[in-house]
Amino acid sequence: MSETKRYWRSLDELANTPDFQKALTREFPEDLVQSEPDGTTRRHFLTVAGASVAMSSLAGCVRRPEHHILPYSKQPEDLVPGIAQHYATATSINGRAVGLLVEAHEGRPTKIEGNPDHPQSFGGTSAIHQALVLGLYDPMRLRIPMNAGKAADWTTAVEAFKKHFEGLKANGGSGLMVLAESLPSPTLNSLREKFQGAYPQAKWLTYESLGDDNQRTGLKAAYGEAVVPVHRLQGVKVAVSLDCDFLGHEGDVVVNARHWAQSRRLLNKGDVPSRLYSIEGAYSITGTNADHRLRLKPSQLESFLWSLAAELTQDLAVVLPEDMVPHAKAATGVDAKFVKAVAKDLLAHRGGQSAILVGRRVGPAAHALALALNHALGNNGSAVHYFVDRRRPATEAGDFANIKAATEALASGQVDTLLVLGGNPAYTAPGDLGFAAAMGKVKTTICLCDYLDETSTKATWALPRAHFLETWGDVYGTDGTVAIQQPVIAPLWGGKSELELIALATGEPQSSGHDLVRGYWKQREGAVGFYKKWRGWLNDGLRKDPEFGVVPSFTKPAGLGGIIPSVGGGEGMEIVFTDGFLHDGRFANNSWLLELPDPISKVCWDNPLQVGVKLAEKLGLADEDRVTLEVGGKKIEAAVVVVPGMADDTVSIALGYGRHFGNFLPYHEAGVVGFDASPLRTAASPYFGTGVKLTKLGTTYALAKTQVYSRQDPGFGFPARALVREATVEEYKKNPTFAKPGILVHGKPRPAALVVHPPERPIHEERAYEGTYQWGMVIDLNTCTGCGSCMVACVSENNISMVGKDQVRRGRDMYWIRMDRYFVGDEKRPDDVDVVHQPMPCQQCENAPCENVCPVAATSHSPEGLNDMAYNRCIGTRYCSNNCPFKVRRFNFYNYAKGQEETVQMQRNPNVTVRFRGVMEKCTYCVQRINIGKRVAKLAADAAIGNAKVEVTKTAIDAIVPACQQACPAGAIVFGNIADATTEVSKLRRSDREYKLLSELNVKPRTSYLGKVRNTNPELGT
């Protein structure tokens, strides 16, 4: 709560560079010159738009597309035009299952939500899950089978496939290899057993390029069986994350965020949030939410854990397996003060109130040690559970051992037929293996794939894979929950699933996905009463009884089991290979994820090399400098972005970029987005690299960044406006209302507050809002993780266009809600900083400054307190945007939807207008959902009797949630009727931590925030 804290959005703002001063003078950087998407030059467009009359005539001449509506010859069962339907389904990414609900309009899936009944989602989703619906309509998906690069039909492909595999049965499948993604499916596991029975000589290997080999090896050594940890963080008081991005991109992130938020939520004055320590080399989403963060090079991470173990085992406070004790005693100190403080905190919260989490990038010995420490602290079975890993057979090796063995077999000519089930190993395999070259030695390669990518273009047969919304399936959750994956739409281009293709190979009489899944479960459950069970599973989206529970025999870890610890820090520069919104590159054609800014650098459409401030000064590097990056003799070119918070002599780069197959939506240049870092990875060390060399090339590479304009300091000597307000637990206890502004009263002392201003007195009579419904929103900064799920959910719900790299560089991104990221700390040590995230939608001001400057009243207030936009009335003056102090209004410079494929148009929400060129748009609190909720409430009340009408109406109104709130995995956003004092949003608005942005302007926002409270350790300072 100290007034000396300084928040900044970028290093240019911190240094107050001339470029930053120039950017402040204009919101949109118009100095970028490039031809416009529709062929009209910028200068010509601005000439036409110079006067409101000209703009009005231009808007009136826009030709709307013609649509021909044809009636159903026979209306489908349970389908009412205009009323959305919802289906329960599930999906799995990297072997992690999540239950989902899919909204469909007349058979078109348009929106994905989390299934509130599924224990891996609880109704929330990640940004990637939200974007999966766009992948269904991707016009670049493979539509027809390809044989040696030539188009074929499905009949020919299926006949050729069957004939080929019938020939392989004669020799038991000798020379046959299957390389599959991790798909934890009970039905597929059953088919795999039948497949290996039919082809006993065949090899079936599982490969994920972002695999958990280190975790699998370490936990298998400790328990003797492959297990996977499941964390229950809602009751944890102290969590230690060793390079584990459990809130961002690692593990069961959705349920982790929900549980972690429960431990951070402050409902009463006496509540104390949990404390999170993060130890990592590059800033992650989890690291931004830490109360204390220690920057360490990758080679020092395991040393930290051994040093922590040495501190914990002093005076036998905790007892480790015998083979771990010598390594703990020999550990060298890594920031001894930090280690001692963490150890003391863990000992004070043993018995299920603490947890140690280790990320996939850290070595296997660290995972075994963390298991032993959790066990010794009494956390196993409460904060941490271990379940059997069903993503692959227990006898199978890990991902990188598998891809290495596969490459060696291909290169030596042992494989005659290679069947690739999903994935893109020619791109994702570590560069030192040479998988793509080895693949060329195989006689017949069959790829079940989404695109003609780096792997499938080299295949004999490339077969279109069905999207998970097009096919039947089932998936295990890590805790054993089985979810049924049911299709919402028929395959757009006749694709097949992994289940269907393996069924064809084994000669199964049932080859449809529905028959395979239903048949498997009918055989397991028995025919008696199965129909009722099956219908219930489809309705709920999951099987009620978990497939397996906590393994009772996992009580005492055995130790290292022969694993050699990796201790000590290496010399020289090191690199971290991270995964972001594109995952391993499988979402590289998804514009929603490409344009979603990186949570730290705020760069989109690229994966620049992230370099710390200190290292950049040492090497003379600046943003957009092009460099040669060399690791282990392999070189790539990349662009640089300088970000605070990196460990010394450490750089990082995200995987999944630099794709070369050309199937991208038309939003970028040259057909390649970003830089391919896969060649720098090795099978032995796929996540870290040492001996890094950087060479500055003397040229630059343009990067698109958001959040580069405006500042909290208004200038002219006035103090900074604290848009983010935070305090420590101690400060919060002393002053629970720390976030609220102090009101200056003449003749009285200046109040002690972060923001001080005179009373909010209007100069004219204000409008009174007395309607039945008054809408408002509260966002809790203490639980918001900055994951970006709300941003993609808003895009999906409201038909928001992605504009591409060039337009983002011009400041024309279209997001209705943005995720502001602020650095805070000592400006003299910019690498030792904290991060705060703040979602920023339209604030729905009651005294909206945008409304009184619009010459045509296109923006006006509704009786329910919403700042409405009449798109047909807007003439594009942009006065409202200029007058908005929050800069949350977006202008359509172009008709971004023009020329898009019909399949992309199928994703549009029919309840929301698709905006055209020349109009302003912004957040509406999802007014379409409000109106649907009111209609549901009226129908329910009409059906009720007597006093029940009031209760039914209230229940229906309380169920209205905007897209951002519904998607948020942490539950940080709460929306509702503030005219009703009993609603959750009204209760939060009465919180001591509640505050409104720029209250000194008397705009009276309907969106308010709850101040952030950091639970810092007094022994480590703030």
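H11 passes H13 in a right-handed crossing, meaning that the near helix is turned clockwise from the far one by less than a right angle. The model is predicted: local features need pLDDT of at least 70, side-chain atom pairs count only at pLDDT 80 or more, and totals for chains, interfaces and linings use all residues. Residues are numbered from 1 along each chain as its sequence is written, and side-chain values use heavy atoms, leaving out hydrogens and water.

**The helix pair**

- Helix H11 (residues 301-312) and helix H13 (residues 336-348) pack at an angle of about 55°, their axes lying 9 Å apart.
- Helices (H or I, at least four residues) and strands (E, at least two) are DSSP runs, numbered from the N terminus.
- Axes are lines fitted to C-alpha atoms, for helices over the stretch in contact, and angles run from 0 to 180 degrees between N-to-C directions.
- H11 is therefore oblique to H13; angles under 35 degrees count as roughly parallel, over 145 as roughly antiparallel, 65 to 115 as roughly perpendicular and the rest as oblique.

- Four strands form an open sheet in the order E12-E11-E10-E13, with parallel pairing; two strands pair if DSSP finds at least two bridges between them.
- Strands E12 (292-295) and E13 (354-358) stand at the edges, each with a single partner strand, so one side of each lacks a neighbour in the sheet.
- Strand E10 (residues 238-242) pairs with E13 over five bridges, and Leu242 has Val358 as its bridge partner in E13.
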